[in-house]
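The sequence and the structure are shown first.

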Amino acid sequence: MMLPAAERVGDMPPPFELLIVEVTDQGRRRPTRVARLVPPGSRVAVAELVSTKLAWFRNDKFVLSGVECLARERSAVNASQSWLCQLALPSKEALFKVWTNHQEGVEVSRHRVLNAGPNVNGASMAVSSVLHEELGRHTTEALLKRGSKTDLALIDCEIEWMSEERFCLGGLQHYPASEQWPERLLKQGWLCEPDIVVPLPLLSDRLLRKMSLR
């Protein structure tokens, strides 16, 4: 059943810390992703979303879909659920810096990736379902853009994890056919972090005059 209007999750006012982790489904004995909303200063989640998938992302808002376990008198009931989330950022325009964590389809250690610096800075992010012309099928596609230029694209996009500082998207990178290689789809991942510009502290007029005299 779809609700006539969105309802706020939890009794406490936002913002919450949103964590997405991979756990083992005890019933099916296979890994699954779980999204948890945790109030500030607490370790107990006020809500969980199992089998979490990223359905949509635009600017500072995104939608997670999955399964919510509802407690009933005699038993627990699993029901489809979606969360509309908004990042708590200082600016209305959300920009991101992104590190790619695969080379030729092979994963690179996170330490090495982060030390190398981001591949893209100050980019807007969008995730949606599209019909991919080259593949001839629908896919969840993530795009990173600066202005009208697309810097990176990821197809069959999924959210792999989310922490307090950053989140990771995984999927495939499409390489068109060239003289050396046929058309290829290789594993790729993005480590994503909000690109927040920290303003310099205001300098006094006296200090500015001293600097201009040097």
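## Strand pairing and core packing

In this predicted model, S124 has K145 of strand 10 as its bridge partner. That bridge belongs to the antiparallel pairing of strand 9, residues 120-132, with strand 10, residues 137-146, which extends over nine bridges. Four residues separate the two strands in their hairpin, and G136 there adopts a positive phi near 70°.

Strand 10 also pairs with strand 11, residues 149-162, again in the antiparallel sense, over five bridges. The hairpin formed by strand 10 and strand 11 has two residues between the strands, and the turn residue G147 has a positive phi of about 70°.

The two pairings are set side by side below.

| Strands paired | Sense | Bridges |
|---|---|---|
| Strand 9 (residues 120-132) and strand 10 (residues 137-146) | antiparallel | nine bridges |
| Strand 10 and strand 11 (residues 149-162) | antiparallel | five bridges |

The nonpolar packing is considered next. The largest nonpolar core comprises 32 residues, of which L64 and L169 touch the most other members. Strand 11 is the element that gives the most to this core, contributing five residues. Apart from this core lies another, made up of six residues, including V108, V113, W161 and L191.

Which residues is L64 in contact with, leaving aside its neighbours within four places in sequence? The contacts of L64 comprise L18, I20, A35, L49, T52, K53, L54, Q81, S82, W83, C85 and I159.

V50 is a residue of strand 3, which covers residues 47-58. Because its relative accessible area is 27%, V50 counts as partly exposed. Residues up to four places away in sequence aside, V50 touches T32, R33, V34, G66 and V67. One of these contacts, R33, is 17 residues from V50 in sequence, while the C-alpha atoms of the two residues are 6.2 Å apart in space.

The cysteines remain to be described. The structure contains zero disulfides. C157 is buried, because its relative accessibility is 5% and the cut-off for burial is under 20%.

Technical notes
Residues numbered from 1 in each chain as written. Predicted model: local features only at pLDDT ≥ 70, side-chain atom pairs only at ≥ 80, totals over all residues. Heavy atoms only, no water. Pairing = 2+ DSSP bridges. Core = buried A, V, L, I, M, F, W, Y, C linked by side-chain atoms within 4.5 Å. Buried < 20%, exposed > 50% of the residue type's maximum accessible area, 1.4 Å probe, protein only. Contact = heavy atoms within 4.5 Å. Disulfide = S-S within 2.5 Å.
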